[in-house]
Structure formats: C-alpha cells, structure tokens
Amino acid sequence: MNLLNILLIVPAAGFLLTLLLPKDNPGLVRNFTLFVSLIAFLLSLGLIGPVLANPQQLSFESNSPWIEYPSIRYHVGLDGLSLWLVILSTFLTPIVILVSWKYIQKRVKEYYAFLLFLLFGVLGVFVSLDLFLFFVFWEVSLVPMYFLVGIWGHDKRIYAAVKFFLYTMAGSALMLIAMVYLYNKSGTFDIPLLMDMMAKGRLVLTGTEGFWLFMAFFVAFAIKVPLFPLHTWLPDAHGEAPTAGSVMLASVLLKLGTYGIVRICLPLFPEASHQNARWIIGLAIGGIIYGALVAMVQPNMKRLVAYSSVSHLGFVILGVFTFTQVGLDGAVYQMLNHGISTGALFILVGMLYERRHSLEIADYGGVGTVAPWLSTMFVITTLASVGLPLLNNFVGEFLVLQGAAERNFLYAVFAAVGVILSAVYMLWMVQRTFYGETPDAVKNHFSDLSLREWGVILPLIAMMVWMGIGSSSFLPAISASDSKILSVVQSKAPVAGKELANAR
Amino acid sequence: MPASFVPPSPQELFRFAPEMLMTVVATLIMVMEPLSAPEGKRKFAVMTFLALIAGIVLTVMGTNDPGTAFSKMLVLDGFAAFFRILVMVVGLLIVLISTNYLKLEQHESGEYYAVMLFSIIGQCLMVSANELIMLFIGLECSSIASYVLAGYLRDDKRNNESALKYFLLGSFATAFLLYGVAWIYGLTGTTNLSAIRTTLLDPTNHPNLVMLGAATALLFVGLAFKVSAAPFQMWAPDVYQGAPAPVTAFMSVGPKAAAFAMFLRILMTAFEPLKDRWEPILWVSALATMIIGNFAALRQTNIKRLLAYSSIAHAGYVMVALTTHSEIGTAAAMFYLASYAFMNIGAFAVVTYVARRGEKHVATQDLSGLSQTQPLVAAMLTIFLLSLTGIPLTAGFFGKFYIFKAALDANLIWLAVLGMLNSAVAAYYYLRIIVVMYMQPPAESAEELLAPSAGIRVAILCTAIVTLFLGIFPSFVLDFAGRSASLIR
C-alpha cells in the first residue's frame with residue numbers, strides 16, 4: 001500500500017478510534033488526536049520528495065475499482081498542484097488541535113473526532129482523480145464542518161451552520177448532475193482519462209453542453225470559494241465558528257473551491273473557461289474591492305478577517321482566469337499564502353477572544369503594552385497579509401498582478417486598488433486594537449503568549465517568512481503542474497487569444 | 001382464462017410456499033389468540049418473526065426456479081423475489097420495534113401480528129401478480145390489513161381518525177383502480193398483463209385510444225394514491241401522523257414498496273407500448289410530488305408529520321425513476337426503495353423510542369439534547385437523516401444518484417436538475433432535526449429517557465449498519481436489482 005493511501009487512512013482511523021475513547025477523559029482525547037494529526041503531518045512530508053522529483057506526472061497513484069456500475073474507481077494521486085495543499089491541511093490540523101486545547105471544554109471527544117474527520121474529507125478532495133470520488137469527499141467534508149460551527153460556535157452558530165450547509169449543498173447538487181451528464185457522454189469519471197479523451201478528440205462537447213457543464217461545476221466551486229456575489233454564507237460561518245473551525249474553513253475548505261476550478265473546470269472545459277473568463281474576472285475584481293470595502297467597516301474582528309478572505313480569494317480567481325503561467329502560479333501560491341496568513345490571523349483573533357471574551361474591536365486598545373509578544377506576532381501576520389515584501393503574500397500577489405497585467409493592464413490596476421485597501425483596513429484594525437489607551441478590562445485580563453500558544457504561532461510565522469523569501473522551494477512544483485493544465489487551456493484559446501500568445 | 005380447473009403442479013406450489021406458510025401462521029395466531037394468557041402474548045411476535053424468516057428462505061430457494069403459477073395468475077421472477085424479500089425484511093424490522101411499543105401501550109395481542117402478516121401476504125401477492133384481478137386481490141388484502149393496523153389502538157382518538165380517513169380514501173382509490181381494470185378488460189378482452197401488451201402491440205386490433213387513455217387514468221389514480229404521489233397524496237400526512245408509530249413506519253415502507261412494484265410492472269409490461277402517452281403524466285406527477293412533499297415538510301413541527309411529508313417527497317424521486325421507463329430506471333427504483341426502507345424504518349424506530357408511552361413526545365423539540373442523553377441513538381438518527389438527505393457514504397445518496405442518473409440517461413435533464421435542487425431543499429428540514437439533537441441543550445423539564453429496549457436497539461443498529469453498508473458498497477444490492485429488473489413480458 002502506498003504512502004498516500006496510508007495518509008488517508010490515518011485520520012479516518014483516528015476518527016473512529018477517538019469515538020471509542022472514554023468520554024470523561026478529555027486529556028486523553030486531546031493527546032490522542034494531536035498524536036494522530038502529527039503522524040499524518042509527518043507522513044505527508046514523505047510525499048514531498050517523489051513529487052518534487054517529477055511534479056508534472058502523478059505520483060503515489062493508486063487505481064482500483066470501487067463500484068462496477070457506473071464505473072467508479074478509487075483513483076488517487078498527487079502532482080505539484082495538490083502536494084502543497086495536502087501538506088497545508090496536515091500542517092494546520094495539529095495547530096488547530098493545539099489552538100482548541102483550552103478553549104474547547106464541552107463535548108471534547110466529539111470535537112476532536114470531527115476535526116480528524118474533516119482532515120480525512122479535505123485530503124480526499126485534494127488527491128481524488130475520479131470525479132465521483134472527488135464529489136464524495138467534497139460532500140463528506142461538509143458534515144464535520146457543519147457540526148463544528150453548529151455545536152461549538154458563537155451565538156448565531158446554528159443559523160450560520162445551516163446556511164453554510166445549504167449553500168454548498170445546492171451548489172453540489174448541480175455539480176453532481178453535470179458529472180453524471182459527462183459520464184453518460186464519455187463512460188468514465190476518471191479525470192486524467194477525460195482529459196486524454198478530449199485531447200484526442202474522442203470526447204467532443206458542443207458549445208452549449210460545454211457552457212452548461214462548466215457553469216454547473218463553476219457555480220459549485222464559486223460558492224465554496226466564495227466568489228462575490230455568492231459569498232454571503234462566509235462571514236456568518238467564519239464569524240460564528242470556533243477558532244479552529246474558522247481556521248480550517250478559511251485555510252483549507254475555501255481552497256477546495258479554487259482547487260476544483262483549477263483541477264476540473266480549466267482542463268475539462270477549456271473553451272467555456274475562455275468564453276466566460278471576462279465576466280468571471282469582473283466578479284473577481286468586484287470581490288477584491290467589495291470585500292476590502294466591507295472589511296473596512298466591520299466592528300467585529302472575525303468578520304473583518306472573513307471579508308478580507310473574500311478580497312484575497314478574488315485575487316486567486318483573477319490569477320486563475322488570466323490563463324497565463326505567472327498568473328496561475330501566483331493564484332496557486334496565493335491559495336497557500338492565504339491558508340497560512342489568514343489561518344494565523346484567525347488564531348490570533350481567537351487568542352484575543354480567549355482573554356477578553358469579545359470580538360468587537362472597540363473593546364480593545366493598547367494591547368501592545370500588556371501583551372507585547374502577542375502584538376508583535378499579530379503585526380507580523382498583518383504585514384504578511386497585506387503583502388509586505390519578504391513575506392509570503394507579496395510573492396503571490398505580485399505574480400497575480402503580473403499575470404493580470406499581461407492579459408489586460410486595467411485588470412491589474414483595479415486589482416491593485418484592493419491591495420491598497422487591504423493595507424488600510426488591516427493596519428487600521430491593528431492600530432485600534434494594539435495601540436492607544438489601554439482600557440481597564442484589557443489591562444486586568446491580559447497575559448502574553450503561553451508556551452502552547454508560542455508552539456501554535458511560531459510555525460506559522462516561520463512559514464510566512466520562508467514562503468516570502470524562499471518561494472523557490474515551492475514554486476517550481478506548482479509551475480510544472482500548472483503549465484500542464486495551461487497547455488490544455490491555451491490549446492483551446494479563441495483565435496485572437498492564440499495570436500496574442502504567439503506574439504509573446 | 002381457462003374454464004376448466006387445472007391442479008397446480010408442485011413447482012407452482014413451491015413458488016408460493018412463503019405466502020401459504022404465512023397464511024397458515026397468521027391463521028394459527030388468530031386461533032391461538034383467545035386461548036393464550038395475557039402474559040403469553042410475546043410468543044406471537046416470535047411466531048411472526050420465524051414465519052417471516054422462513055418466508056425469506058423459501059423465497060431465496062424459489063428463485064432457482066422462476067416462472068408463473070396458478071394459470072399464469074402469479075409470477076415469480078427476480079423482480080418479485082426482490083420485493084418479496086424487501087417487504088418481509090420490513091416486516092421483521094417492524095416486529096422488532098413493535099413489541100416494546102405494544103407492551104408500553106398495554107395492547108399486546110396476537111391480532112396485531114396476524115394482521116401484519118396478512119398485510120405482508122397481500123404485498124407479496126401484489127409484487128408477483130401477473131394479472132390485474134390478482135393484483136387487485138393482493139392490494140385489497142394489503143390495504144384492508146393496513147386500515148386495521150392504522151386504527152389498532154382502538155381507544156385512541158387519533159388512531160380512529162387515522163384509520164377512518166385511510167379506509168374511506170383508500171376504498172375510493174381501490175374502487176377507481178377496479179373500475180380501470182374493468183375498462184381494460186372491456187377494451188382488450190383480457191386482464192393478463194402480457195396479453196394486454198400483446199393486444200396493444202397488435203396493429204390490427206387497436207383499441208380506441210381515448211377509452212384506453214381513460215382506463216389507464218383510472219388505474220393511475222388508484223396506483224398514485226397507494227404510493228402517495230401528487231395529486232393524490234393528501235391522505236398521507238394525516239394518516240401517518242395518527243397511526244401508531246411502528247405502523248406508520250410499516251405503512252411508509254411496505255405497502256408503498258409493493259405498490260411501486262405493481263406500478264413498475266404494469267408500466268413496464270402491459271402499458272409499455274403506450275409509454276409516450278403516460279410519460280408526460282408521470283413527469284408532471286413526479287415533479288409535483290417532490291415539490292409538494294419537500295416544501296410542506298419545511299414547516300412541520302411534528303416529527304411524524306415531517307417524515308410523512310418527506311415520505312411523499314421520496315415517492316416523488318421514485319416516480320422520476322418510473323418516468324424513465326428503462327431497465328436502469330427500474331433497477332434504480334428498486335435500489336431506492338430498498339435503501340429507503342432501511343433509513344426510514346431506522347428513523348421511525350428512533351421516533352418510536354423517543355415518543356414513549358402515548359406518543360406524547362413527537363414534536364421536533366422533544367429531540368433536543370438527545371446527543372447528550374443518548375449519544376448512540378442520536379448518532380444513528382443522524383446517519384438516517386443524512387441518508388435521507390442524500391449525503392455520500394450512505395444508502396440514500398446512491399439511491400438518489402442512480403435515479404437521477406437514470407433520468408439523465410433517458411434525457412430528462414430538467415427533471416433531474418429540479419429533482420436535485422429539491423433534495424437541497426430537503427436538506428433544510430432534515431438538518432433541523434440534527435440541529436435540535438446536537439446543538440440545543442436538553443429541556444430541563446423533560447422526563448428522563450430510559451435506555452431503548454432490546455428490540456429497538458437491534459432494529460436501529462441493523463438499519464444503521466445496512467444504511468452505511470449500502471452507502472459504501474451499493475453494488476451488493478444494485479447488482480441484484482439490475483439482474484432482476486428485466487420483467488417477464
């Protein structure tokens with residue numbers, strides 16, 4: 001059995017075993033799940049070498065029949081595109097388990113079990129090479145998130161959880177229909193096989209078919225991303241979720257949407273992707289600016305970070321639909337960056353909440369004087385998030401802007417406005433929270449980072465710096481996989497676009 | 001039909017040994033009932049249980065030698081065997097959840113089991129009827145027994161109302177059906193399904209299409225009523241709500257599956273030549289059934305009523321499979337009915353357990369905090385609800401998947417899209433129950449919930465295991481359904 005299969009089994013088995021642990025021993029549950037998640041992380045590190053050696057090809061492939069009719073196969077594998085997303089998920093899981101250590105005091109066993117189950121679901125999505133398998137994991141990852149928000153969230157948690165579930169469910173209903181339609185045309189759910197059939201002309205979609213199939217997939221993914229104006233579930237879900245839920249949601253679950261677009265929409269429906277690129281870019285830029293403007297006026301820190309996600313993911317979508325190598329590389333890199341820096345922001349906001357029991361910015365002020373280390377970490381993360389050079393987001397944003405400019409300079413101009421706005425709202429929040437006068441409620445309640453919290457935040461900060469300076473450790477693998485997808489998309493570019501590409 | 005009496009051969013008798021065995025046991029129970037002491041009623045449940053198991057074994061043995069019996073009035077093919085086993089398994093599960101319920105209500109008696117057996121016998125006849133009169137006999141046998149069961153607790157007003165409604169409306173429906181049968185006989189000169197098909201296919205002998213349409217419509221009324229398809233679904237919520245919980249579980253699964261089997265057989269054999277004409281009617285009915293069921297369920301606060309409306313919606317999904325009039329569609333419907341049987345009985349088993357004596361606790365709010373007081377039961381109910389919603393790795397997901405795949409195969413794209421969106425609506429009300437169980441604290445005033453009885457525990461565990469099993473390895477049942485979907489024409 002190859003390493004990838006073991007990596008999938010570990011969290012699933014961990015989930016089942018956690019359910020069997022005694023209910024009245026939360027310490028055991030915490031240690032056990034932390035142990036399982038660390039094992040998963042270490043295993044995932046073993047994936048890096050072989051994939052980097054050959055990022056364009058699929059590594060760790062395993063392909064065996066699951067259901068005979070219709071032919072559904074357990075087909076999983078990794079390339080440079082999914083590798084880092086897999087590692088991002090396994091990297092964050094032990095961190096969110098540590099984050100929840102003190103905060104989660106009720107129904108501890110179920111909580112950690114759901115976290116492991118969530119890891120199982122998202123890993124499955126990132127490594128599935130069979131459309132049906134992809135869908136199964138896609139839906140399965142929904143269930144633990146629903147419980148995480150609904151049971152351990154804040155006041156309006158139930159509303160948020162149900163909204164989240166129904167939005168995604170409605171999108172995936174369309175996706176399933178599209179999958180079946182595609183199956184009926186081609187006789188397979190296998191993604192590489194479908195790509196191959198299209199390349200060889202054995203599967204030809206008419207313009208209308210291509211358009212509707214593309215739309216069905218795209219809407220399902222866009223809801224998850226979430227692309228403006230389908231984003232309304234996100235602030236609720238993020239705002240109400242417990243810290244670990246917000247982190248997993250922002251850092252990993254949203255990536256399922258963007259990953260789906262790159263993995264499925266682009267290579268399977270290249271013509272439709274080209275035809276629809278214009279308005280999608282419009283929505284992406286709209287989302288960048290809208291998200292930033294709304295974030296600016298949020299009195300609630302979590303909602304502010306949530307809206308900033310809408311803005312940041314606009315960048316990812318923009319990068320993808322430029323259909324340029326730099327743009328797509330930047331988009332994928334930005335997926336990882338957002339996972340690290342927004343995850344860290346949610347964690348830091350969660351730490352503030354644990355101390356002061358409020359998410360309102362107005363309840364804070366002068367935290368810097370009572371908790372200098374916490375504030376320093378927060379400031380570094382903020383700077384990473386707004387794209388300061390030498391930190392991770394800068395690289396991604398730069399590449400996306402470059403790609404956008406290659407396609408149409410105006411796109412880059414509008415998107416850059418978003419970069420400026422994000423600096424405004426993030427720094428403004430930092431100023432109001434950490435500087436100025438210190439109210440008594442803050443003065444008396446605040447302690448600086450504990451050892452556990454250091455353990456949580458340091459790896460994230462380290463990643464921000466590493467990804468900002470050493471992007472060459474990560475980008476080659478991404479580029480290699482991207483260029484493969486891009487070659488499919490470019491080959492189906494409308495004539496004008498082809499000339500443009502040739503001219504370059 | 002031959003006028004002279006031909007004695008049935010031993011093979012023919014063996015094909016219908018399960019029905020005969022059950023008839024004997026049911027009659028025996030009726031005879032023994034007045035002679036047994038009040039404490040000795042438990043033995044009737046055991047007898048019924050054993051009779052059903054023997055019936056299943058005999059059916060499996062009978063499938064080695066498929067064919068017709070009793071002057072071609074009945075037929076045992078893979079299709080009939082599939083549904084026969086299904087209704088008998090349903091019977092087994094219902095016996096498991098009934099025993100404790102009847103004890104609590106102090107209404108333990110043999111009649112209950114005898115009547116249930118008669119109902120199951122009727123359903124077995126329905127699914128193997130090769131002929132309209134036989135079909136009517138099976139239907140009446142099953143229905144009359146169901147009317148009795150719906151009003152089983154005769155001192156309970158709600159039970160009385162339920163039984164009366166069911167009886168009156170059900171009789172109307174069967175009357176329509178019988179009238180349709182008479183017309184068909186008048187038009188084609190036969191009540192045998194294959195003979196009707198032959199007559200309809202014969203170009204020299206084409207009956208008047210208008211009359212034939214009217215006759216089919218009459219049949220449709222009767223059948224649609226039995227499966228609670230729109231616009232004949234109105235009775236279901238009231239009847240389901242009023243009947244004793246185990247009986248509701250039974251009615252929403254057993255008679256319905258049998259009626260769908262009958263529906264499928266008639267459409268796929270006798271009236272297959274007219275498929276272009278009935279397809280639009282089914283299309284509209286399927287869509288209306290899904291929409292009415294789902295949207296009405298959104299507003300329910302009584303779990304039994306909610307499940308009743310959801311059961312209407314699920315009938316709508318099966319109607320989609322019927323509309324495709326293909327073997328894949330038939331197999332999809334069979335798979336769906338089987339998975340629905342397990343998840344729905346599982347859900348009702350939990351409802352029966354939570355409702356307690358006198359069914360006082362049937363509001364959705366009564367489930368609040370169940371995840372803390374009875375975590376295992378809550379987890380099982382969550383599995384059933386996720387399966388009813390259609391989340392992957394549960395039986396319900398594959399059920400829906402195969403149905404909508406069959407619809408797409410048959411080029412019914414819009415029906416499939418609307419059906420899928422409908423199931424997203426359904427997610428809302430199923431989720432609400434999960435919300436109540438997991439996200440709301442138990443009410444402080446609530447009386448303590450005792451651990452479930454052994455019967456309920458076994459029923460819930462078995463159904464949950466099957467629900468998950470079919471969600472991970474659907475081929476197990478689907479292959480069987482696929483092989484049995486071809487009907488003897």
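**Stop one: a hidden valine**

Select Val125(A): with a relative accessibility of 0%, this residue counts as buried. Keep in mind as you click that you are looking at a predicted model. Val125(A) is part of helix α4 of chain A, which covers residues 108–127.

What does Val125(A) touch, leaving out residues up to four places away in sequence? Show Phe134(A), Phe137(A), Trp138(A), Leu256(A) and Tyr259(A), and you have its contacts.

Is Arg107(A) buried or exposed? It is buried, at a relative accessible area of 16%; the cut-off for buried is under 20%.

**Stop three: two cis bonds**

Next, go to the loop between α9 (207–224) and α10 (233–240) of chain A, where you'll find Pro226(A). The peptide bond leading from Val225(A) to Pro226(A) is cis, and omega is near -10°.

Hop over to chain B and select Pro231(B), in the loop between α9 (209–226) and α10 (235–242) of that chain. Ala230(B) and Pro231(B) are joined by a cis peptide bond too, with omega about 0°.

**Stop four: along α17 of chain B**

Start in the loop between α16 (375–389) and α17 of chain B, at Leu393(B). This non-glycine residue has a positive phi, near 70°, and counts as partly exposed at 25% relative accessibility.

Then colour α17(B) itself, residues 395–409. From first C-alpha to last, its 15 residues reach 21 Å, close to the 21 Å expected at 1.5 Å a residue. How many of its residues are buried? The count is 14 of the 15, so the rest of the structure largely encloses this helix. Just past α17(B), click Asn411(B), where phi is positive at about 65°.

**Last stop: zoom out on chain A**

The C-alpha atoms fill a box of roughly 70 × 55 × 40 Å along the principal axes. Of the 504 residues, 65% count as buried.

Methods:
Residues are numbered from 1 along each chain as its sequence is written. Chains are lettered from A and ligands numbered from 1 in the order in which they are written. This is a predicted model: local features need pLDDT of at least 70, side-chain atom pairs count only at pLDDT 80 or more; totals for chains, interfaces and linings use all residues. Side-chain values use heavy atoms; hydrogens and water are left out. Buried means under 20% relative accessible area, exposed over 50%, partly exposed in between (1.4 Å probe, protein chains only). Helices (H or I, at least four residues) and strands (E, at least two) are DSSP runs, numbered from the N terminus. The expected span of a helix is 1.5 Å times one less than its number of residues. Contact means heavy atoms within 4.5 Å.
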